[in-house]
Amino acid sequence: MSPFACGWSTQRRNLASANASQIIESLHAGFVPVLHGDAVLDESLDCTILSGDVIIRHLAQLLTPKYVVFLTDVHGVYDRPPTDPNAVLLKEIEVDDNGGWSIVKPALQGNRKGVEISVAAHDTTGGMETKILEAAVIARLGVDVYITKVDTEHSLRALKGDVNTSSDNWLGTVIRAAK
């Protein structure tokens with residue numbers, strides 16, 4: 001569902017208007033809306049890109065779903081760009097009340113305690129960095145966020161909410177509120 005067609009707009013790249021009625025109607029009809037970033041009208045800039053990550057954060061605040069799924073071209077959040085042969089998939093990240101986050105699984109060795117993020121030149125909305133920041137806001141609402149690769153058995157399981165982070169047979173990252 002395109003945010004442009006649904007009437008979403010921005011003011012200096014900040015969300016100004018967010019009509020969720022078509023999305024809510026789709027949910028009530030039993031559909032799973034697939035949302036994405038897109039060009040939208042901007043009251044100051046005429047047109048800009050509204051990130052799908054911002055869209056889902058707004059919808060999570062409005063609807064408080066059980067969980068949210070981000071589908072990407074990689075299996076989840078890595079401690080460094082996934083093209084690096086030493087990259088480690090982060091299975092679970094917890095977000096505290098202040099929005100700070102920590103890696104729960106796996107325990108990283110040595111000085112590898114964070115995430116090194118790169119953004120592809122063609123990604124105008126911030127790539128994985130924006131995804132993590134928006135996922136942290138959603139997690140603070142008490143909504144688990146699953147990040148996994150599109151068109152895989154892992155994405156199907158995430159869409160069904162069938163994710164077990166204590167198992168090694170699911171490839172993805174869960175971002176949730178700290179306990």
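Visitor: Why is the contact between Glu 92 and Arg 176 called a salt bridge?

Guide: The closest N and O atoms of Glu 92 and Arg 176 are 3.1 Å apart. A salt bridge is a side-chain nitrogen of Lys or Arg within 4 Å of a carboxyl oxygen of Asp or Glu, so the pair qualifies. Strands (E, at least two residues) and helices (H or I, at least four) are DSSP runs, numbered from the N terminus.

The model is predicted: local features need pLDDT of at least 70, side-chain atom pairs count only at pLDDT 80 or more, and totals for chains, interfaces and linings use all residues. Residues are numbered from 1 along each chain as its sequence is written, and side-chain values use heavy atoms, with hydrogens and water left out.

Visitor: What makes Glu 92 and Arg 176 count as buried?

Guide: Buried means under 20% relative accessible area, exposed over 50%, and partly exposed in between (1.4 Å probe, protein chains only). Glu 92 has 3% relative accessibility, so Glu 92 counts as buried. Arg 176 has a relative accessible area of 14% and is therefore buried.

Visitor: Which residues does the salt-bridge network join?

Guide: Salt bridges that share partners join Glu 92, Lys 105, Asp 144 and Arg 176 into one network.

Visitor: How do you know that β8 and β9 pair?

Guide: Two strands pair if DSSP finds at least two bridges between them. Four bridges join β8 (residues 92–95) to β9, and the two run antiparallel. Glu 92 stands opposite Lys 105 in β9.

Visitor: What makes β5 and β9 edge strands?

Guide: The open sheet of five strands has the order β5-β10-β11-β8-β9, with mixed pairing. Strands β5 (67–72) and β9 (101–105) each pair on one side only.

Visitor: What makes a nonpolar core, and which residues have the most contacts inside the largest one?

Guide: A nonpolar core is a set of buried Ala, Val, Leu, Ile, Met, Phe, Trp, Tyr and Cys residues joined through side-chain atoms within 4.5 Å. The largest has 32 residues, and Ile 138, Val 145 and Ile 175 have the most contacts inside it. Helix α3 gives the most to this core, with six residues.
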